[in-house]
Amino acid sequence: MFSCSYSNLKELADIIILISSSSRFRWNDITILRFFTELTNTPEPWCLENSAKLMFLLGSDMTVKILQNKLRADRIQEFSHIAYHLAQVSSQYSTESSPESLNWFVKVMFDSINILPAPSRRSHVVTEIFRAWKRKLYRSN
């Protein structure tokens with residue numbers, strides 16, 4: 001799938017946030033996860049860059065829930081590749097004078113990985129993130 005523009009995904013994110021925060025619908029964590037999974041896999045799976053852009057636009061709470069679900073399901077490679085794309089998206093919207101987006105990324109990663117109880121497991125996930133970045137960087141050269 002091709003890369004979507006920020007503005008197209010911003011509209012979608014705004015609608016999702018509006019619906020999920022409505023007291024009429026009362027979305028819980030499972031509903032958010034199911035909706036995100038269905039949206040990003042129908043009619044075919046989205047490219048991870050688009051998924052990362054949408055997560056970035058949805059904000060840290062939803063993003064952490066989605067990423068924690070990946071870790072609970074032991075989908076570490078997928079988590080690692082999404083982390084790479086989240087870092088890319090964050091850096092696109094960060095500047096030297098305003099590094100909030102990169103700070104957002106670090107906080108999201110920290111909050112997501114801390115769901116794992118064992119330090120060895122957290123260390124494994126961090127290692128996998130760096131491996132995914134290494135693979136991506138070598139492919140781009």
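Q: Which helices each supply at least two residues of the lining of the largest cavity?

A: The general idea is that rolling a probe the size of a water molecule over the atoms shows where empty space is left. In this structure, which is a predicted model, helix 2, helix 3 and helix 4 each supply at least two residues of the lining of the largest cavity, and the largest share, four residues, comes from helix 2.

Q: What is the volume of the largest cavity, and which residues line it?

A: The count comes to one cavity of 30 Å³ or more, and the largest cavity has a volume of about 40 Å³. Its lining is made up of Ile-16, Trp-27, Ile-32, Phe-35, Phe-36, Leu-39, Leu-54, Leu-58, Met-62 and Ile-66; by class, these are ten nonpolar residues, with no polar and no charged residues.

Q: How should I read the crossing of helix 2 and helix 4?

A: The idea is to look at the angle between the two axes, where 65 to 115 degrees counts as roughly perpendicular. Here the axes of helix 2 (residues 29-39) and helix 4 (residues 60-72) come within 10 Å and cross at roughly 80 degrees, and therefore the two helices are roughly perpendicular to each other. On the side of helix 2 the contact is made by Asp-29, Ile-32, Leu-33 and Phe-36, while helix 4 contributes Met-62, Lys-65, Ile-66 and Asn-69. Sorted by class, this contact has five nonpolar, one polar and two charged residues.

Q: Why is helix 3 described as largely enclosed?

A: The step to take is to ask how many residues are buried, meaning under 20% relative accessible area. Nine of the eleven residues of helix 3 are buried, so the helix is largely enclosed by the rest of the structure; among them are Asn-50, Lys-53 and Phe-56. The cover over these buried residues includes helix 1 (6-21), helix 2, helix 4, helix 5 and helix 6 (100-113).

Q: What is the phi of Asp-74, and where is Asp-74 found?

A: Asp-74 has a positive phi of about 60 degrees, although it is not a glycine, and it is found in the loop between helix 4 and helix 5 (76-92). With 47% relative accessibility, Asp-74 counts as partly exposed.

Conventions. Residues are numbered from 1 along each chain as its sequence is written. This is a predicted model: local features need pLDDT of at least 70, side-chain atom pairs count only at pLDDT 80 or more; totals for chains, interfaces and linings use all residues. Side-chain values use heavy atoms; hydrogens and water are left out. Axes are lines fitted to C-alpha atoms, for helices over the stretch in contact, and angles run from 0 to 180 degrees between N-to-C directions. Angles under 35 degrees count as roughly parallel, over 145 as roughly antiparallel, 65 to 115 as roughly perpendicular and the rest as oblique. Contact means heavy atoms within 4.5 Å. Ala, Val, Leu, Ile, Met, Phe, Trp, Tyr, Cys and Pro count as nonpolar, Asp, Glu, Lys and Arg as charged, and the others, Gly among them, as polar. Buried means under 20% relative accessible area, exposed over 50%, partly exposed in between (1.4 Å probe, protein chains only). On a 1 Å grid over the protein atoms alone, a cavity is a set of points where a 1.4 Å probe fits but cannot get out, and a pocket is an open set with protein on both sides within 12 Å along at least five of seven lines; lining residues have an atom within 4 Å of a point. Grid points are joined across faces, edges and corners, and a volume is the space filled by probe spheres set on the points.
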